[in-house]
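Please read the briefing below alongside the sequence and the coordinates shown here. The text moves from the whole chain to selected elements.

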Amino acid sequence: MHNINKLLDAVLVSGGGGDIGVAIGRILQELNISNVIGCDVKREHAGECVFDFFSEAPLANDDNYFEFLKNAFEQYKVGLFIPTSEAEIKAIFDFGLVNGELFGVPVLITTEKTARIALDKLETANALKVMGVNAPWTELATSQPRALPCIFKPRSGQGSKGLKVVHTLSEAQSLSGSEGYIWQELLLPDDQEFTCGVYRHATGECRSILMRRTLSGGFTDKGEVVKDSIIEHYILTIAEELDVQGAINFQLRLTNKGPVLFEINPRLSSTVMFRHKLGFTDLVWAIEGILDLPLSQYQEPKAGTKFYRGIQEYIK
């Protein structure tokens, strides 16, 4: 692994009060980056104990969001910006990047093509169909779903926010016509859910890690590393078709017809710390890519390795 801290003095991480932001902050501190700066729309959380400096930021759709970022870049002499939410990623692409930079600062972000598809769950399903790989049936919730039970969820957004399993016709009728929502196939069995880290370098080299997981409160609570050549081929095919660059996350279920992807996160995952500890250091690789460094070596973790989310106390 390269001494990134010799080439990078200050990094700004948004969403610094959330699980992804805190995990990224901890990894950056481990890498001995001189100034690890966090920002979030709220204060009074564990993130303030992880970052060297912390600022309260406006929402991504606020008129002052980009003025805030520009000032923060200048104040802290930021050398890299890492956005951690879908809302910010969309806002950044809508605003526009110049050679991957915002106000002259490199942004750790995937390509616009990948992000635009990932940010729209209907577009994600349609893209999979065009590729000719397994895809869940997905349609706008403007009328009743084609089959029950099914999933009702926002067309855009992250995680399990706003998600509901619909079992009955009366439930479907009450939700039908909801703007900004979709119906999606209920993928079973529900104990075969995988979160899959994918890192693809500019050279085309692609690395992946498959983790069968259990959710609690919308977060990965525990899981284990899995080796499965069919899933690996499936996600690498999608990554190549989308021309993924950098670190992203695929969520899928292993069904009786094979793996079926239901969501792409165009960012680092909430399991980024699990992955880092397992040797799948996608945050580090993404930074190396931005700094035009050769890709670090990777020793795959053993299949069957288990991981658990615990509790950590912070005192400030």
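This is a predicted model: local features need pLDDT of at least 70, side-chain atom pairs count only at pLDDT 80 or more; totals for chains, interfaces and linings use all residues.

Residues are numbered from 1 along each chain as its sequence is written, and side-chain values use heavy atoms, with hydrogens and water left out. The protein chain has ten helices and 16 strands, where helices (H or I, at least four residues) and strands (E, at least two) are DSSP runs numbered from the N terminus.

**Overall chain**

- With 316 residues, a compact globule would have a radius of gyration near 20 Å, and the 19 Å of the protein chain agrees with this; the radius is taken over C-alpha atoms, and the globule rule is 2.2 Å times the number of residues to the power 0.38.
- The C-alpha trace of the protein chain spans about 55 × 45 × 40 Å along its principal axes.
- Of the 316 residues in the protein chain, 52% are buried, a term that means under 20% relative accessible area, with exposed meaning over 50% and partly exposed lying in between (1.4 Å probe, protein chains only).
- Among contacts in the protein chain with a separation of 6 or more, 64% come from residues 24 or more positions apart, contact meaning heavy atoms within 4.5 Å.
- The accessible surface of the protein chain is about 14600 Å², and 48% of it belongs to carbon and sulfur atoms, with areas taken from the Shrake-Rupley method with a 1.4 Å probe.

**Parallel sheet**

- Four strands form an open sheet in the order β3-β2-β1-β4 with parallel pairing, where two strands pair if DSSP finds at least two bridges between them.
- The edge strands, each pairing on one side only, are β3 (53-56) and β4 (80-82), and the twist averages 20° from one strand to the next.
- Helix α1 (residues 19-30) packs on this sheet, touching β1, β2 (35-40) and β4, and its direction makes about 170° with that of β1; axes are lines fitted to C-alpha atoms, for helices over the stretch in contact, and angles run from 0 to 180 degrees between N-to-C directions.
- Strand β1 (residues 10-13) pairs in the parallel sense with β4 over three bridges, V11 having L80 as its bridge partner in β4.
- β1 also pairs in the parallel sense with β2, over four bridges, and here A10 has N35 as its bridge partner.
- From β1, A10 and L12 point one way while V11 and V13 point the other way, and all are buried.

**Antiparallel strands around β10**

- Strand β10 (residues 181-185) has four of its five residues buried, so it is largely enclosed by the rest of the structure.
- Strand β7 (residues 138-140) runs antiparallel to β10 and is joined to it by three bridges, with W183 of β10 as the bridge partner of E139.
- Strand β8 (residues 150-154) pairs with β10 in the antiparallel sense over five bridges, and C150 stands opposite E185.

**Helix α6**

- Helix α6 (residues 121-131) has K121, L122, T124, A125, A127, L128 and M131 as its buried residues, and their cover includes α5 (112-118), β7, β8, β10, α8 (229-241) and β15 (258-265).
- D120 caps the N-terminal end of α6, a side-chain oxygen lying 3.0 Å from the backbone nitrogen of L122, while G132, with a positive phi near 80°, follows the helix.

How values were computed
A polar contact is a pair of N or O atoms within 3.5 Å; within protein, one must be able to donate a hydrogen and the other to accept it, and residues adjacent in sequence count only if both atoms are side-chain atoms.
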